[in-house]
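The sequence and structure are shown below.

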Amino acid sequence: MSYVDGFVLAVPKANLDDYKKLANTGGAVWKEHGALAYVECVGDDVPYGELTSFPRAVQAKEGEIVIFAWIVSESRQSRDAVMAKVMADERLKMDWSTMPFDGKRMIFGGFQPFIEL
């Protein structure tokens, strides 16, 4: 069964083009190293909830947009190998202080699917 890494983050609308460039590079690197799929989505219908919501989860501020992304790998073992290669890839070595988003508010994690249709 496959394995999925998921990410949610907030990007200032003014930085969206820079983020898209970064995401395109990231996607190419992930796919090159073995990811089966790489998807980045811009929030289109993500209301600010009273208790919970995507914007609340990443502490989205005025003028920021929520990004929802995922990467699919063949298995957990494959994902771990791909992740090691991606983290070592010089194309993704960046200074967090110059990123087009606040990495401290990014939520991420690995997930084992239990239904795949």
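## Basis and first contacts

Contact means that heavy atoms lie within 4.5 Å of each other. The model is predicted, so that local features need pLDDT of at least 70 and side-chain atom pairs count only at pLDDT 80 or more, while totals for chains, interfaces and linings use all residues. Residues are numbered from 1 along each chain as its sequence is written, and side-chain values use heavy atoms, with hydrogens and water left out.

Helices (H or I, at least four residues) and strands (E, at least two) are DSSP runs, numbered from the N terminus. Ala60 is placed in the loop between H2 and S3. When residues up to four places away in sequence are not counted, Ala60 touches Ala10, Pro55, Val66 and Arg105. Ala60 and Pro12 are 48 residues apart in sequence, and their C-alpha atoms are 8.8 Å apart in space.

## Gln59 in the loop

The loop between helix H2 (54-57) and S3 also holds Gln59. Its phi is near 50°, a positive value in a residue other than glycine. Is Gln59 buried or exposed? With buried meaning under 20% relative accessible area, exposed over 50% and partly exposed in between (1.4 Å probe, protein chains only), Gln59 is exposed, at a relative accessible area of 54%.

## Asp5 and Arg79

Asp5 belongs to strand S1 and is buried, with a relative accessible area of 2%. Neighbours within four places in sequence set aside, Asp5 is in contact with Ala69, Trp70, Ile71, Arg79, Met83, Gly109 and Gly110. The C-alpha atoms of Asp5 and Ile107 are separated by 11 Å, the two residues being 102 residues apart along the chain.

Arg79 lies in helix H3 and is buried, with a relative accessible area of 12%. With the neighbours within four places in sequence left aside, the contacts of Arg79 are Tyr3, Asp5, Ser73 and Gly110.

## Helix H1

H1 has 17 residues and reaches 24 Å from its first C-alpha to its last. This is close to the expected 24 Å at 1.5 Å a residue, where the expected span is 1.5 Å times one less than the number of residues. The buried residues of H1 are Leu16, Tyr19, Leu22, Ala23, Gly26, Gly27, Val29 and Trp30. Seen down the axis of H1, these fall within an arc of 165°, so they line one face of the helix; the arc is that of the directions from the helix axis to the C-beta atoms. They pack against S1, S2, S3 and H3, whereas the face turned away from the buried side carries the exposed residues Asp17, Lys21, Asn24 and Glu32.

Gly27, one of the residues of H1, has a relative accessible area of 8%. Gly27 and Val46 are 19 residues apart along the chain, with their C-alpha atoms separated by 24 Å. Just after H1, Gly34 takes a positive phi of about 125°.

## Helix H3

At 1.5 Å a residue, the 13 residues of H3 should span 18 Å, which agrees with the 18 Å between its end C-alpha atoms. Which residues of H3 are buried? They are Arg79, Val82 and Val86. These cover an arc of only 70° around the axis, which puts them on the same side of H3.

What covers the buried residues of H3 includes S1, H1, S3 and S4. Gln77 and Ala88 are exposed residues on the face of H3 turned away from its buried side.

## The largest pocket

Rolling a probe the size of a water molecule over the atoms shows where empty space is left. On a 1 Å grid over the protein atoms alone, a cavity is a set of points where a 1.4 Å probe fits but cannot get out, whereas a pocket is an open set with protein on both sides within 12 Å along at least five of seven lines. Lining residues have an atom within 4 Å of a point. Grid points are joined across faces, edges and corners, and a volume is the space filled by probe spheres set on the points.

The largest pocket holds about 640 Å³ of space. Its lining has 26 residues, of which Phe7, Trp30, Met87, Trp96 and Met106 lie nearest its centre. Two or more lining residues come from each of strand S1 (3-12), helix H1 (16-32), strand S2 (37-42), strand S3 (64-73), helix H3 (76-88) and strand S4 (107-111). H1 gives the most, with five residues. By class, the lining has 19 nonpolar, two polar and five charged residues, where Ala, Val, Leu, Ile, Met, Phe, Trp, Tyr, Cys and Pro count as nonpolar, Asp, Glu, Lys and Arg as charged, and the others, Gly among them, as polar.
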